[in-house]
Amino acid sequence: MFYLTLIFGPLFLAVVVYALFRNFEGVVKYIALALFAKMLAASIELYNALPAEGYLKLGSFLHVEAFNYVLTLQVDMLSVVMLILSSLLLILVTLSSWTMKNQAAYFSLLIMFSGAIFGVFMSTNLIWFFIFWELTLVPMFFLVGIWGAEQRVYAAVKFFLYTHVASMLILLAFYLLYAQTGFLDVTLIKEAAIATPALVWWLLFLGFAVKLPIFPFHTWLPDAHVQAPAPISVLLAGVLLKMGAYGMIRFVIELMPESSREYAIYMLILGLITAFFAGFLAIYQTHIKKMVAYSSISHMGLVMIAIATVSYEGLSAALYEMIGHAFIISPLFLIAGYLHHKTGSWQMGDMGGIVQRAPYVSAIFVLAGMAALGLPGTMGFIGEITILISAIKVNGAWIAVIALASLISAGYLIWTFRRVIYGEMSPVVASADFKMHKIEFSALVLFAGLIVLFGLYPQPIFDAANQAFAHFGGVQ
Amino acid sequence: MSSVTILLFWPFIGAVAAFILGKANKKMAFWAAEIVGIALFAASLMLWINYTVPISIDYTWFTFGETALPFGIYIDGLSIVMLLIATGLGLLDIHFAHDYMGEDNDQARYYAKVLFFIGGMILLVIAKDMIGMFVGWEFMGLASYLLISFWHTKSAPANAGMQAFLYTRFGDVFIFAAIGLLLYFVGTLDLVEINTMAKEGSIDHSVALVIALFIFVGAIGKSGQFPLYPWLMNAMEGPTTVSALIHGATMVNSGIYIVARLFDFYASTEALLVVANVAALSAFIGATSALVQREIKKVLAYSTMSHLSLAFVGLGVGSLAAGMTHLMNHAVFKALLFLAAGAVIFAAHHTKDLWRFGGLGKKLTLIAAVMAIGGLSLSGIPPFSGFFSKDAVLASAMVNPDTQGLVSVLATIAGLLSIAYIGRVWLLLFTGKPRDEALYESVKKPSFLWITLPLVIMALITLGLGLYQSEAAEFITGEPYVQPHVDGLLIGLFIGLGLLALIVFGLYYKGLKLTEKISNHPFLKIFHQLLFNGYYVEYMITWFSKNIIVASVAKAATWIDLHIIDAIVNGSVGLTQALFKRLKVTQTGLIGDYAGMMVAGLAALTILMILMEGA
């Protein structure tokens, strides 16, 4: 029952908190922080309690016998890693939002999101999964649409519609799965035969590909990420995109390994196009947050390449890169938002010489950027090298071309440093006030610490990955 | 604490300490760096003194799936020589910076980065596996980026840093790819094992060739070979101490080191010949361009390129000993030359333009003397160290039937030109009449302890090193070494040509009018410009990246993204809206209509389901 409250608790709490503390805004962030800390603690408990292989059943709730309709909560290592990642990011997002306006509503929506996201990662029942999956869109829609930048409404609607249409594909696939196997639970469907694997596979793949996002379904992302307030960009990149990757691994790879291997080449090609195409888009950008957004897409292309191997090693690399991407892209988004907030401009041309005004923030920006281009000692390097190795193992030598992706990222990132961080101070920078709240800065420091910590000592994540994928039948 | 632990961890701990202490007190950063520098050099010395057999430590960094990525330590003669170079010259460089960087406000940052850099170099040379090597390699790339753009508030150093990073990164991604290929095709990342396997012939020939060439592309980037050398010249925008350390003595050696470390692997394919040819061409380009530079540090940078290439030629023609001894000698005398130039620049309040100096020999006698020693060694005049190794390189090139032709000729020209460009620098600096009286008057004599002492030490090493060439070569390769010689004729030619060049350039540049005439002569001007701009390779690369990568490919991608992909998305929304408008007629508001539609819909669904069941 405790785990059920981890999902529905926040959903109710969100309403209660908003109703009670609407007029005591300052309190809400502490409530949010305490809740997210509790969720992190519960996730870590789950991590320790997991059996060596397979799922840990947390209970079945809300029976509707006629439809075989049960909210089954069960987790394996993959879900637990996602739970830890999400709750950790929620804490960091809360810290980064410390001075956000209109806090009661903002943090209530965050709390609501936390419940929905836990639902996504804890339920293996198709219907419940889908409900929570869609539920995450609601707080996100408002968070982007209310706290966003100039074109927030356009971005929020586009984001909502685009991902919602994709969800319809997933829903159709879920329906087909139920119709063909008679089961609603992933663990049961896995054992059953699917009559039209090709159709289901493509529906699921396309549905999750939008969320990931994969070329050519990526155009919602730059709009949403750019218009969202910086901490929400973090949530989008760190949690929402990971839902896509999680869904891809859980429903496409785990459920249908044979079909996945059959169509692996399409996943691989789309992943490659995404990595390079988005990289070139980032090179051409003068808008700092768009540059980060395209960089984010480019790295998710690498995740796709890793998933496309349909192998243990590839999935491990994908899981690592998902976590690495979350920690690396987050400070980049936060700092891009901060620079816009302080200088009033998105254009890199208006910036320059930031390091003279904000040396430590600049240092973290450079560190995160170096991680994004795959510098050893950071998570970026481990992610890229493991993806390279696993991809070569499956696809042969030619796939070594993905090494060039990190040359492209070096191109746009180093050039960005040159335009934004270094060089002569621009008049805009000279006249701006670069003060940053200590708590918001501490979130950046924590991100930087995580990037280096797991960059030097990646084993815990790979241990978790090994355990996560050990019970995936049919994966080599 | 063992020497290895000190070498592995102290630089990074020291970097953090220097930064924190330096923020509290400027001078503390220096002392932290100096102490760590001494400890590192002492640790290297201990390794050298106690050396009997190679130290080999295996360690697994992490395992994913069934693949383990190793991170071992391997220290043999080659590593120890590289360690002594990195930590010894590093220590002298830190010592020199006490005064040279003394006025800078940001010393905490400076020394932290220098220690981080030295740590990277140490990691590179003691790593047992390709992956550890690559980590050190990239650490240095980062450190050099940060150090070149140390004075980042000006545009030029910031641009130079960016260029250095991107040029070397271009090579790095090939090494990165090579790691993946090695693991897949060879099954190991262990550098020693790769050599053994290559010797046994158990690596497929074409695989070995491709991997060797990939790694060499990385070496081209890091060691300033054709065509990725322009960053090396622009890197002179950084502090001179940085130039001495990174772009004279250590980092640029890393490309040569990796080829030397994998020497048997290279020797098993034609890759070695590619190395020889690229290097010979680079040696020629560097030497000719060095002839006409106006900025003192740029002459040295081109000369670095040229002499690194000679070391590469040594490896390329099949003589590990010749190549590595030249690398070792070059590291010492080039650090000496850079720091001596730094001393002059420092004394002259950061003036770098050669044409504004002159007659400084009277004021800076000791510096002139040590610079002469460095210059003579660079020129390959016996008995200075540079003579022996350069001689060995050229002799090995002439013996090898594959490189007797072009490679030997280009390398010999490069070797001979050394005396001309370094002689020109020395003459312009120290002889004749001051060309800028005000500058001459303002030149102050630098402190002996902090500026001149490190130079004297390096000059003494340069002098002494000539006596121990065979010992050094045997220590590095672990095999007996008989130094090859070019017949006496060439030595004579060296001295004769050298003297000739000295006289000619002495005359040329004392009267600057002649130079001006040349640079204005319609025909000679073309040559002068060609050499002065380093054969326009930088322009071509810049043009390509600006016009092809950014303004064509990236622009086209952006256009496609906006006008095709996103347009389809937005268009489909418009289409849907139009559709909804048409469908509005169905919204009659009558319950009967809705009920009818519902029945119709359900029927359609049922039919669909039946069809699917059948499928």
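Reader: What makes the prediction of chain B one that can be discussed residue by residue?

Author: The model is predicted, and local features are discussed only at a pLDDT of at least 70. Chain B has a mean pLDDT of 86, and 90% of its residues reach 70 or more. For the complex, the predictor gives an ipTM of 0.92 and a pTM of 0.92.

Reader: What makes B:V313 stand out in the largest nonpolar core?

Author: That core holds 423 residues, and B:V313, together with B:A18, touches the most other members. Leaving out residues up to four places away in sequence, B:V313 touches B:A276, B:A279, B:A280, B:A283, B:V393, B:A397, B:V407 and B:A411. Each of these counts as a contact because the C-beta atoms, placed from the backbone, lie within 7 Å.

Reader: How do you know that the two domains of chain A touch?

Author: The domains span 1–258 and 263–476, and their centres, taken over C-alpha atoms, are separated by 22 Å. By the contact criterion of C-beta atoms within 7 Å, 40 residues of domain 1 of chain A are in contact with 46 residues of domain 2 of chain A. Helix 11 (230–253) of chain A is among the elements on the domain 1 side, and gives the most to that side, with 12 residues. The residues of the domain 1 side divide into 28 nonpolar, 7 polar and 5 charged.

Reader: Which residues make up the contact of chain A with chain B, and what is their class?

Author: The contact takes 48 residues from chain A and 46 residues from chain B. Several helices of chain A each supply at least two residues of its side, including helix 7 (152–181), helix 13 (264–284) and helix 15 (312–343). Helix 19 of chain A gives the most, with 9 residues. By class, the chain A side has 32 nonpolar, 12 polar and 4 charged residues.

How values were computed. Residues are numbered from 1 along each chain as its sequence is written. Chains are lettered from A and ligands numbered from 1 in the order in which they are written. This is a predicted model: local features need pLDDT of at least 70, side-chain atom pairs count only at pLDDT 80 or more; totals for chains, interfaces and linings use all residues. Domain bounds come from an automatic or database domain assignment. Helices (H or I, at least four residues) and strands (E, at least two) are DSSP runs, numbered from the N terminus. Ala, Val, Leu, Ile, Met, Phe, Trp, Tyr, Cys and Pro count as nonpolar, Asp, Glu, Lys and Arg as charged, and the others, Gly among them, as polar. A nonpolar core is a set of buried Ala, Val, Leu, Ile, Met, Phe, Trp, Tyr and Cys residues joined through C-beta atoms within 7 Å. A residue is buried if 20 or more other C-beta atoms lie within 10 Å of its own, exposed if 12 or fewer, and partly exposed in between; C-beta atoms are placed from the backbone. pLDDT is the predictor's confidence in each residue, from 0 to 100.
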